[in-house]
Amino acid sequence: MTQDELKTQVGLAALQYVQNGEIVGVGTGSTVNKFIDALASAIAAGQIKIAGTVSSSVASTEKLKGHGIPVFEANDVTRLGVYIDGADEIDGDGYMVKGGGAALTREKIVASLADKFVCIADESKLVKTLGAFPLPVEVIPMAADHIQRRFAAKGGTATIRMKDGVPLITDNGQHILDVTGLSIKEPLAFELGVNQWAGVVTVGVFAQQKASVCLLGTSTGVRVLEF
Ligand code: 5RP
């Protein structure tokens with residue numbers, strides 16, 4: 001199976017966590033795009049009827065609306081039954097690195113509203129220790145140099161993410177640092193620590209908002225990991 005087929009497989013499998021009548025939290029990325037397509041097909045076929053969604057990015061909002069699926073503001077809901085999103089890395093405890101699509105801040109906000117975080121990922125995302133994937137950190141631009149120095153003191157190299165020759169601007173108007181050279185052995189402590197640094201908007205370690213379950217796409221079918 002190709003990686004794309006594995007993503008399709010888990011996007012479809014995630015439908016079992018969608019409850020009729022609920023508002024569903026929707027993440028961002030190529031795996032989530034498969035879920036959105038599967039959700040739209042299930043709604044069109046009359047198999048699922050949801051009240052709407054809360055989206056974690058402009059890109060997912062546009063895709064959901066393109067399918068005619070209602071999107072509510074996060075401030076309009078008090079809780080979500082489920083949040084469905086991909087990951088760049090997930091470890092054996094359900095801790096994740098996210099933000100490859102630069103949507104980490106809104107992803108963490110929507111995830112924090114949900115009772116259950118369903119991570120959908122192909123098997124390449126399962127790791128022993130987080131950190132091989134460059135860690136995304138959303139930062140206030142005027143703090144970027146200082147935060148780069150703080151990561152250097154931890155043995156990391158933080159680089160401003162570029163797009164079309166200029167720093168990428170997130171949906172929140174900020175910049176992203178991608179940090180290589182880290183081995184994140186204590187994700188909870190790491191997340192709490194880096195979140196305290198002045199100018200950090202969000203660090204892409206999802207430890208407090210870790211996965212409740214991971215649907216892992218493998219060539220022999222979907223593996224369900226519960227945490
Ligand atoms: C976006 C994310 C994505 O969930 C993560 O990058 C995985 O993306 P993909 O499903 O395309 O591999 O965190 O900010």
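Ala211 is placed in the loop between β14 (205-206) and β15 (213-218). In this predicted model, Ala211 counts as buried, at 1% relative accessibility. Between Ala211 and Gln16 there are 195 residues in sequence and 16 Å in space, taken from C-alpha to C-alpha.

**Other buried positions**

- Val194 belongs to helix α6, and its relative accessible area of 1% makes it buried.
- The C-alpha atoms of Val194 and Val58 are separated by 26 Å, and the two residues stand 136 residues apart along the chain.
- Ser57 is found in the loop between β2 and α3.
- With a relative accessibility of 4%, Ser57 is counted as buried, because the limit for that class is under 20%.
- A polar contact of 2.8 Å joins the side chain of Ser57 to the side chain of Thr28.

**Salt bridges**

- Side chains of opposite charge can pair when their charged atoms come close.
- The model holds 8 salt bridges.
- One of them is formed by the side chains of Asp4 and Lys34, with a distance of 3.0 Å from N to O.
- Asp4 lies in helix α1 (residues 3-13) and Lys34 in helix α2 (residues 30-44), so this pair ties together parts that are 30 residues apart in sequence.
- Asp4 is partly exposed, at 44% relative accessibility, and Lys34 is also partly exposed, with a relative accessible area of 21%.
- A salt bridge also joins Arg79 and Glu22, whose closest N and O atoms are 3.9 Å apart.
- This pair links distant parts of the chain, 57 residues apart: Arg79 sits in the loop between β3 (71-72) and β4 (80-85), and Glu22 in the loop between α1 and β1 (23-26).
- Arg79 counts as partly exposed, at 44% relative accessibility.
- Glu22 and Arg79 belong, with Asp115, to a network of salt bridges.
- Glu191 and Lys108 meet through their side chains in a salt bridge of 2.5 Å, N to O.
- That pair links distant parts of the chain, as Glu191 is in helix α6 (residues 187-195) and Lys108 in helix α4 (residues 104-112), 83 residues apart.
- Glu191 and Lys108 are both buried.

**The largest pocket**

- Rolling a probe the size of a water molecule over the atoms shows where empty space is left.
- The largest pocket contains about 290 Å³ of space.
- It is lined by 14 residues, of which Ser55, Phe72, Glu73, Ala74 and Arg106 are the closest to its centre.
- Two or more residues of this lining come from each of the elements β2 (52-55), α3 (58-66), β3 and α4.
- By class, the lining of the largest pocket comprises 7 nonpolar, 4 polar and 3 charged residues.

**The second largest pocket**

- The volume of the second largest pocket is about 230 Å³.
- Its lining consists of 14 residues, and those closest to its centre are Gly101, Ala102, Leu168, Ile169 and Asp171.
- At least two residues of this lining are supplied by α3, and at least two by β11 (166-167).
- The lining of the second largest pocket divides into 8 nonpolar, 4 polar and 2 charged residues.

**The ligand and its surroundings**

- The ligand is surrounded by 17 residues, and the closest are Ser30, Thr31, Asp88, Gly99 and Lys125.
- In the side chain of Thr31, an N or O atom is 2.6 Å from an oxygen atom of the ligand.
- The side chain of Lys125 has an N or O atom 2.7 Å from an oxygen atom of the ligand.
- Gly86 takes part through its backbone, where an N or O atom lies 3.4 Å from an oxygen atom of the ligand.

Notes:
Residues numbered from 1 in each chain as written. Predicted model: local features only at pLDDT ≥ 70, side-chain atom pairs only at ≥ 80, totals over all residues. Heavy atoms only, no water. Salt bridge = Lys/Arg side-chain N within 4 Å of Asp/Glu carboxyl O. Helix = DSSP H or I, 4+ residues; strand = E, 2+ residues; numbered from the N terminus. Buried < 20%, exposed > 50% of the residue type's maximum accessible area, 1.4 Å probe, protein only. 1 Å grid on protein atoms, 1.4 Å probe; cavity = no way out; pocket = protein on both sides within 12 Å on 5 of 7 lines; lining within 4 Å. Points joined across faces, edges and corners; volume = space filled by probe spheres on them. Nonpolar A, V, L, I, M, F, W, Y, C, P; charged D, E, K, R; others polar. Near = heavy atom within 4 Å. Polar contact = N/O pair within 3.5 Å; in protein donor to acceptor, adjacent residues only side chain to side chain.
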